[in-house]
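User: I am new to this structure and would like to learn how to read its features one at a time. Could we begin with the surroundings of a single residue?

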Amino acid sequence: MRIVIAGGHGQIALRLERLLAARGEEVAGIIRHAEQGDDLRAAGAEPVLLDLESSTAEEVAAHLQGADAAVFAAGAGPGSGAARKDTVDKAAAILFADAAVRAGVRRHVVVSSMGADPTHKGDDVFDVYQRAKGAADAYIQNLDALDWTILRPGMLTNDVGTGLVRLEAHTGRGPISRDDVAAVLAELLETPATAGLTLELIGGSTPVSVAVKSVAGN
């Protein structure tokens, strides 16, 4: 498969690129800064220089042509203000989905956030973030042209992955390593029967492949 990942230099994305490349997949990662390219190449991915905050859907679609799947793993980041939650976590996610529709790339996997909700209350930056992620998710869930899966991890950690997770429609809150998030994303891409599902993910006791198979087709 050829897989294009938005937010290609992110912590989860780099892990995912390494996993997919090791499986023999062709991987491209969208990045904003040319100097990030070496890290992607080291992970086995082709860097694609493109700013999702200033690009059109047509421009993004051009880079998705011929792909078998698209993954949205971009984010404004914890140090960003409320404005970039709307331009990246919401608008860029919507733009990327629209571009996938234009390019005819049906398989679409989104890294969202546990608690994402377009009606989330509050004025803090994290509240804005949860509304932005929720609005993007809701938009993508209504796109019949995409076979989407939305993954909502719990509190992200840099612990070494265990390969053991809990993956369900509703898990309750809990931590999950970025290693294990990447492993679940790779398995979701290999499991098209997870299309149409919005899933929460935390650390657990079930091997990743078993956890993904258990929700497939539900």
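Analyst: Please keep in mind that this is a predicted model. A residue may be read through its contacts: leaving aside residues up to four places away in sequence, Arg102 touches Ala57, Glu58, Ala61 and Gln65.

User: Where is Arg102 placed, and is Arg102 buried or exposed?

Analyst: Arg102 lies in helix α4. A residue over 50% relative accessible area is called exposed; Arg102 has 52% relative accessibility and therefore counts as exposed.

User: How should I read the packing of helix α3 against helix α4?

Analyst: One begins with the axes. Those of α3 (residues 57-64) and α4 (residues 82-103) come within 8 Å and cross at roughly 60°. The crossing of α3 with α4 is right-handed.

User: Which residues of α3 and α4 meet?

Analyst: From α3 come Ala57, Glu58, Val60, Ala61 and Leu64, while α4 supplies Leu95, Phe96, Asp98, Ala99, Ala100, Arg102 and Ala103. Sorted by class, this contact of α3 with α4 has 9 nonpolar, no polar and 3 charged residues.

User: How do the axes of α1 and α6 cross?

Analyst: The axes of α1 (residues 11-22) and α6 (residues 178-189) come within 8 Å, with a crossing angle of roughly 50°. The pair α1 and α6 is therefore oblique, and its crossing is right-handed. On the α1 side the contact is made by Gln11, Ile12, Arg15, Leu16, Leu19 and Leu20; on the α6 side it is made by Arg178, Asp179, Val181, Ala182, Ala183, Leu185, Ala186 and Leu189. The classes here are 10 nonpolar, 1 polar and 3 charged residues.

User: What can be said of α6 and α7?

Analyst: Their axes come within 9 Å and cross at roughly 45°, where α7 spans residues 208-215. Accordingly, α6 and α7 count as oblique, and α6 passes α7 in a right-handed crossing. Ala183, Val184, Glu187 and Leu188 of α6 meet Val208, Ser209, Val212 and Lys213 of α7. This contact divides into 5 nonpolar, 1 polar and 2 charged residues.

User: How should I read a nonpolar core, and which residues touch the most other members of the largest one?

Analyst: In soluble globular proteins, nonpolar side chains tend to be buried together. The largest nonpolar core here has 35 residues, and Ile5, Leu151, Leu167 and Val184 touch the most other members. Helix α6 gives the largest share of this core, 7 residues. A second, separate core has 32 residues, including Ala28, Ala67, Ala74 and Val105.

User: Which residues does Leu167 touch?

Analyst: Beyond residues up to four places away in sequence, Leu167 touches Leu151, Val184, Leu199, Glu200, Leu201, Ala211, Val212 and Val215.

Key
Residues are numbered from 1 along each chain as its sequence is written. This is a predicted model: local features need pLDDT of at least 70, side-chain atom pairs count only at pLDDT 80 or more; totals for chains, interfaces and linings use all residues. Side-chain values use heavy atoms; hydrogens and water are left out. Axes are lines fitted to C-alpha atoms, for helices over the stretch in contact, and angles run from 0 to 180 degrees between N-to-C directions. Helices (H or I, at least four residues) and strands (E, at least two) are DSSP runs, numbered from the N terminus. Angles under 35 degrees count as roughly parallel, over 145 as roughly antiparallel, 65 to 115 as roughly perpendicular and the rest as oblique. A crossing is left-handed if the near helix is turned anticlockwise from the far one by less than a right angle, and right-handed if clockwise. Contact means heavy atoms within 4.5 Å. Ala, Val, Leu, Ile, Met, Phe, Trp, Tyr, Cys and Pro count as nonpolar, Asp, Glu, Lys and Arg as charged, and the others, Gly among them, as polar. A nonpolar core is a set of buried Ala, Val, Leu, Ile, Met, Phe, Trp, Tyr and Cys residues joined through side-chain atoms within 4.5 Å. Buried means under 20% relative accessible area, exposed over 50%, partly exposed in between (1.4 Å probe, protein chains only).
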